[in-house]
Amino acid sequence: MDYGFVRVAAIVPELKVANCDFNAGEIIKAARTADSQGAQFVVFPELAVTSYTCGDLFLQTTLQKRALSSLKVIISETASLECVIILGMPLTLDGRLYNCAVIIKSGSILGVVPKCYIPNYSEFYEARWFSSGLDKPAETINILGKTVPFGIDILFEAVNMDGLCFGIEICEDLWVPIPPSSNQALNGATLLFNLSASNDIVGKHEYREDLIKMQSAKCSAAYVYVSSGPNESTTDLVFGGHSLISEYGSVLAQTERFSFDEKMIISDIDIQRLVNERFKNSAFKHNSNDTVFRKVPFYVPENKTGKLLRWIDPHPFVPSDPNARNKRCEEIFNIQTSGLGKRLRHTGLNKCVIGISGGLDSTLALLVIVKTYDRLGLDRKNIHAVTMPGFGTSSNTLGNSLELMRLMNVTTHRIDIKEACLKHFEDIGHDPLNYDVTYENVQARERTQILMDMANKIGGLVIGTGDLSELALGWATYNGDHMSMYAVNSGVPKTLVKYLVQWCADYLFNNDIRNVLLSVLDTPISPELLPTDKEGCIQQKTEDIVGPYELHDFYLYHLVRYGAEPDKIYKLAEQAFEGKYEKATIKKWLETFLRRFFSQQFKRSCLPDGPKVGSISLSPRGDWRMPSDADVGIWLNKLTNV
C-alpha cells in the first residue's frame, strides 16, 4: 500500500557507554530488523554510536576516531538496505565538536545536521564539549573521504513521492520557544525527526508527550521522537527510552519505558493527509520566516507491504475510550444548547416547535431544546412538540414519542397526517397505492407545513432534527424535513447521535426518561414513510436502502476532512472494517455515497442555520462550498480497479 503512506521506525537499541563497536553492531542489527518489516525510515537516539553519557570522554581523540570507524562499518553493513537511517554521533569540524544526526541511505551519507541549542543548565552541561550548529560553520563536512552537506539549513526531499520532505532536530531543539522544526515545516518538511537523550524525572514524561503532540499539530506534520534508554550511565541520571510517533497531534505509537532490551516502535505516516491539512490552513500558508533551506534529494523506497501498521478507526467521529466519548458528548451537547440559546435570546422568542417521530434525531433535538430552556429559565410548556403519525408510523415509535413528550413536561400535540395526505394525493392525481418518492415526500412536506404553520400561529421557531450524515447523503425531503428555522443536529454525524442520546440517558435525566431513551436507541433507523407490516412493525429501514451509516460516516470523514481519494478511502475502509464487511459491500456503498454526495449538494446549498460541533460541517456558509453541478465522474473512476 502506498496512497501517501510512509513507514517509520524509532529504535532504542541496547548500548554500552563509550563502546562504539558494540553500539554499531546493535544499530546494524536493529536497522536490518526494521528494514525487513518495511520501514522506509529508521531513526536512533542522540549520540547513539557513542552513547550520550560519555562526559569528558567526548573530548578524547580515541572516542572520536572510534565513532568514525564505527560509522564506516554501519554504512558498509547497511548498504544493501532500502531504508533511510538516521543516527546520532559526535563529529569534528574546523576544530569544533558537534552533536550531530547523520543521515544514511544505500551506503552513502545524504547529509549531517548538527544540534542547534546546547543545554547547559541543571543536569545538562553539553556546552563543555559541543558547539552549536547556529554558529554557521562550513556548509559541507568531509567524512570518511566524502564531502557531504552539513548544517541546520538542510531538508531532505523525496523525488519520487509528492509532499514527502523531512527535517531533523536534536533533543533540546524541541524545547525552545521556536524549535528548528517549526521553520523546517514552514519550508516544506512534513516529516520531522528528533534524536534525543532526555532523562526521566517525575512529571517529565507527560510534559514531553504533550510537547511532541503539540508540535506535530502546530506544524501539520508527523513527529518521530526517539530517546536514549536505561543502558546509558546512571551516575546521576536515568533515561527511560521514551519514544513516540505522533501525526498531527495524535499518538500513533509509543514505547514502554525503562526496558533494558531493545525497543522499536513502527507505524505508517499519512503524508497526503498532512499535505491536505496545509492546503486548507491559510494561517499556515501565510506564516513566513527568513530561513533559506537547502534541499537534498533522495529516493524513498517503495512500501511493498499490503497492510498498514497503524490503527484505522472505523468510527472516526466517535472516541473509542468511554471517558473520552463522554467528554465529547458533553462538549457537543453544550455547543448545541448554547447555539439554540443564543438564537432564542437574539430573536426574543420563547416558543419552539419540533416534530417528534420517536427516532434518534428528533429525540436528541428535543433533549437539546429541553436543556436549553432549563438553562435560560424558560417554561418547558413553551416547547410545542408535535407527533404526526402517518402511513408508516409504528406503534412502538408513536408510543415512545408520546411518552417522551409527557415525561419532558412539554406541550404535546398529536396530529394524524394520513387524511391530509390522502386528500393531497387526490388533488395531484397520485395513486395512494403507488409507494414511490411522491408517496413518501408528500408526508414529509405535510409534516413540515404543520410545524411551520404552528410556529407562525404561536410565534415560535421550528427546530430542525436532521443530522450531518443525512445532509451528506441528501437523505431528506427538499423543503420537507430538510427545512427548519434552526437545525441543532446539523453538525452531528449519525454514528454519534446514538451516543449523545445514550449520554443524556446516563447523565442528564431520571430513570423513567432513561427507559424511554433506551427504547428509542433500540429502534431501527427509519423515516417511517412506507406502510408497516401486518404486526405494525417498521418495514422501511434506512440502512437497507442507502447503506450502513458507519460506512458513510467513515467515507464522509476521510473525503471532506482529509481530501482522500476514493481508492484510498476504499483501502482504509477495507482494513478498518476487516471481518465485518466484504470488499464488494464496501465498494458498493462507497459508490453510493459518492453519487449521492455529489447529486444532493443542492439541498446543502440552502441549509438553515445550525451549530458546527466537530471538525466537519457541510454548511455552505462555513466549511463546505461546492457547486451543485459538479460531476462525480473522476471520483468514481478512482474505484474502477480496486
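According to an unreviewed UniProt entry, residues 6–271 carry the feature "domain: CN hydrolase", an annotation that may be inferred rather than shown by experiment. The model is predicted, so that local features need pLDDT of at least 70 and side-chain atom pairs count only at pLDDT 80 or more, while totals for chains, interfaces and linings use all residues. Residues are numbered from 1 along each chain as its sequence is written, and side-chain values use heavy atoms, with hydrogens and water left out.

**The annotated span**
- Residues 6–271 are 21% helix and 32% strand, with end C-alpha atoms 7 Å apart; helices (H or I, at least four residues) and strands (E, at least two) are DSSP runs numbered from the N terminus.

**The five-stranded sheet**
- An open, parallel sheet is formed by five strands in the order S18-S17-S16-S19-S20, where pairing requires at least two DSSP bridges between two strands.
- At the edges, strand S18 (411–414) and strand S20 (486–487) each pair on one side only.
- Strand S16 (residues 352–355) pairs in the parallel sense with strand S19 (residues 461–464) over two bridges, and Val353 stands opposite Val462 in S19.

**Asn400**
- Asn400, in helix H9 (residues 395–408), counts as buried because its relative accessibility is 9%, the cut-off being under 20% relative accessible area with a 1.4 Å probe and protein chains only.
- Not counting residues up to four places away in sequence, Asn400 touches Val516, Ser519, Val520 and Thr523, contact meaning heavy atoms within 4.5 Å.

Definitions and conventions. Buried means under 20% relative accessible area, exposed over 50%, partly exposed in between (1.4 Å probe, protein chains only).
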